[in-house]
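Here is a short briefing on one protein model. It covers a pocket and a sheet.

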Amino acid sequence: APGAMGRIYIDPSTGDGMIMHRLPPLPEGSCYQLWFVRDGERVDGGILRTNPDGSGYTLIHAPGPIQQFDGVGVTREPVGGSRWPTTDRLIGSEI
């Protein structure tokens with residue numbers, strides 16, 4: 001997503017952290033969802049709190065020791081989230 005950005009902060013000893021993002025405004029019936037990536041598999045990291053303009057921040061907790069993940073990504077999903085990403089990654093990074 002052109003112009004999209006995000007920043008994630010995670011305490012490696014606890015897996016607690018936060019993500020701040022600026023993404024395109026969401027269409028009705030959609031949400032943004034965080035994914036942790038391990039060996040090409042996505043693990044649900046939770047639904048992101050998002051303002052009407054697409055910006056927001058969310059407290060997060062890694063679904064396991066952060067050292068076992070290769071990266072993170074954010075996708076647009078139906079409200080309530082998905083068990084597996086249903087759209088392309090909008091932003092992401094290696095860990």
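Which strands each supply at least two residues of the lining of the largest pocket? They are E3 (30–38), E6 (71–78) and E7 (91–94). Strands (E) are DSSP runs of at least two residues, numbered from the N terminus. The model is predicted: local features need pLDDT of at least 70, side-chain atom pairs count only at pLDDT 80 or more, and totals for chains, interfaces and linings use all residues. Residues are numbered from 1 along each chain as its sequence is written, and side-chain values use heavy atoms, without hydrogens and water.

**Pocket**
- The largest pocket has a volume of about 170 Å³.
- Of its 16 lining residues, Val37, Arg42, Val72, Gly73 and Arg89 are the closest to the centre.
- A pocket is an open set of points on a 1 Å grid over the protein atoms alone, where a 1.4 Å probe fits, with protein on both sides within 12 Å along at least five of seven lines; lining residues have an atom within 4 Å of a point.
- The volume is the space filled by probe spheres set on the points, which are joined across faces, edges and corners.
- E6 gives the most to this lining, with 5 residues.

**Sheet**
- An open sheet of 3 strands runs in the order E1-E2-E5, with antiparallel pairing.
- E1 and E5 (55–61) stand at the edges with a single partner strand each, so one side of each has no neighbour in the sheet.
- Strands pair if DSSP finds at least two bridges between them.
- E1 (residues 5–10) and E2 (residues 16–22) pair over 6 bridges, and Tyr9 has Met18 in E2 as its bridge partner.
- E2 and E5 pair over 7 bridges; Gly17 is bridged to Ile60 in E5.

Methods:
Helix = DSSP H or I, 4+ residues; strand = E, 2+ residues; numbered from the N terminus.
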